[in-house]
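This report describes the fold of one protein chain, beginning with a single residue and then widening the view.

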Amino acid sequence: MNINLIEGTYSLSEAQELLNKIIQVKIDYLESKISSSCHEEDIKQRENRIKSLQTQRSDINKLSAEEIRGITIQLNIDIE
């Protein structure tokens, strides 16, 4: 099964808003898993992933309209 979650071209501000929300949901999910995890290795891995997502979010927010005319976002989910 394939779920086409997002597909389109967005203005910079729309793309930033959409991507920020997606990233925040993923961060919230990872934080909830950290809260319920007992394994230090899992916690460290999730903390590193959160840091990576925060860096990517920061990079997205630094983009300016002069650099970008439009942003195409495609997010597909394949379930096998």
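Leaving aside residues up to four places away in sequence, glutamine 16 touches Ile60, Asn61 and Leu63. The model is predicted, and the values below are computed from it. Glutamine 16 belongs to helix H1, which covers residues 12-36. Its relative accessible area is 14%, and because buried means under 20%, glutamine 16 counts as buried.

**The chain as a whole**

The protein chain contains 2 helices and 2 strands. Read from the N terminus, these elements follow the order β-α-α-β. Along the principal axes, the C-alpha atoms of the chain fill a box of roughly 45 × 35 × 15 Å. The radius of gyration of the chain is 15 Å, whereas a compact globule of 80 residues would have one near 12 Å.

Of the 80 residues in the chain, 20% are buried. The chain exposes about 6,100 Å², and carbon and sulfur atoms supply 49% of that area.

With a relative accessible area of 10%, isoleucine 23 is buried. Not counting residues up to four places away in sequence, isoleucine 23 touches Leu53, Arg57 and Ile60.

Glutamine 54 has its place in helix H2, which comprises residues 40-62. This residue is partly exposed, at 36% relative accessibility. How far apart in space are the C-alpha atoms of isoleucine 23 and glutamine 54? The distance is 8.0 Å, although the two residues are 31 residues apart in sequence. By contrast, glutamine 54 and histidine 39 are 15 residues apart along the chain, and their C-alpha atoms are separated by 23 Å.

Methionine 1 lies in the segment before strand E1, which spans residues 2-10. Methionine 1 is exposed, with a relative accessible area of 67%. When residues up to four places away in sequence are set aside, methionine 1 touches Ile77, Asp78 and Ile79. The C-alpha atoms of methionine 1 and aspartate 78 are separated by 6.0 Å, while the residues are 77 residues apart along the chain.

The C-alpha distances discussed above are collected here.

| Residue pair | Separation in sequence | C-alpha distance |
|---|---|---|
| Methionine 1 and aspartate 78 | 77 residues | 6.0 Å |
| Isoleucine 23 and glutamine 54 | 31 residues | 8.0 Å |
| Glutamine 54 and histidine 39 | 15 residues | 23 Å |

**Charged side chains**

The chain carries 10 positive and 14 negative side chains. The centres of these two sets lie 4 Å apart. How many salt bridges are counted? The count comes to 1 salt bridge. In it, the side chains of glutamate 17 and lysine 21 meet, with a distance of 3.4 Å from N to O. This qualifies as a salt bridge because the nitrogen must be within 4 Å of a carboxyl oxygen. Both glutamate 17 and lysine 21 lie in helix H1, 4 residues apart, which is about one turn of the helix.

The two partners fall into separate accessibility classes: glutamate 17 is partly exposed at 47% relative accessible area, and lysine 21 is exposed at 52%. The classes follow because exposed means over 50% and partly exposed lies between that value and the 20% limit for buried residues.

Conventions. Residues are numbered from 1 along each chain as its sequence is written. This is a predicted model: local features need pLDDT of at least 70, side-chain atom pairs count only at pLDDT 80 or more; totals for chains, interfaces and linings use all residues. Side-chain values use heavy atoms; hydrogens and water are left out. Buried means under 20% relative accessible area, exposed over 50%, partly exposed in between (1.4 Å probe, protein chains only). Contact means heavy atoms within 4.5 Å. The radius of gyration is taken over C-alpha atoms; the globule rule is 2.2 Å times the number of residues to the power 0.38. Accessible areas come from the Shrake-Rupley method with a 1.4 Å probe; for residues, only the protein chains shown count as cover. Lys and Arg count as positive and Asp and Glu as negative; His and the chain ends are not counted. The place of a charge is taken as NZ of Lys, CZ of Arg, CG of Asp or CD of Glu.
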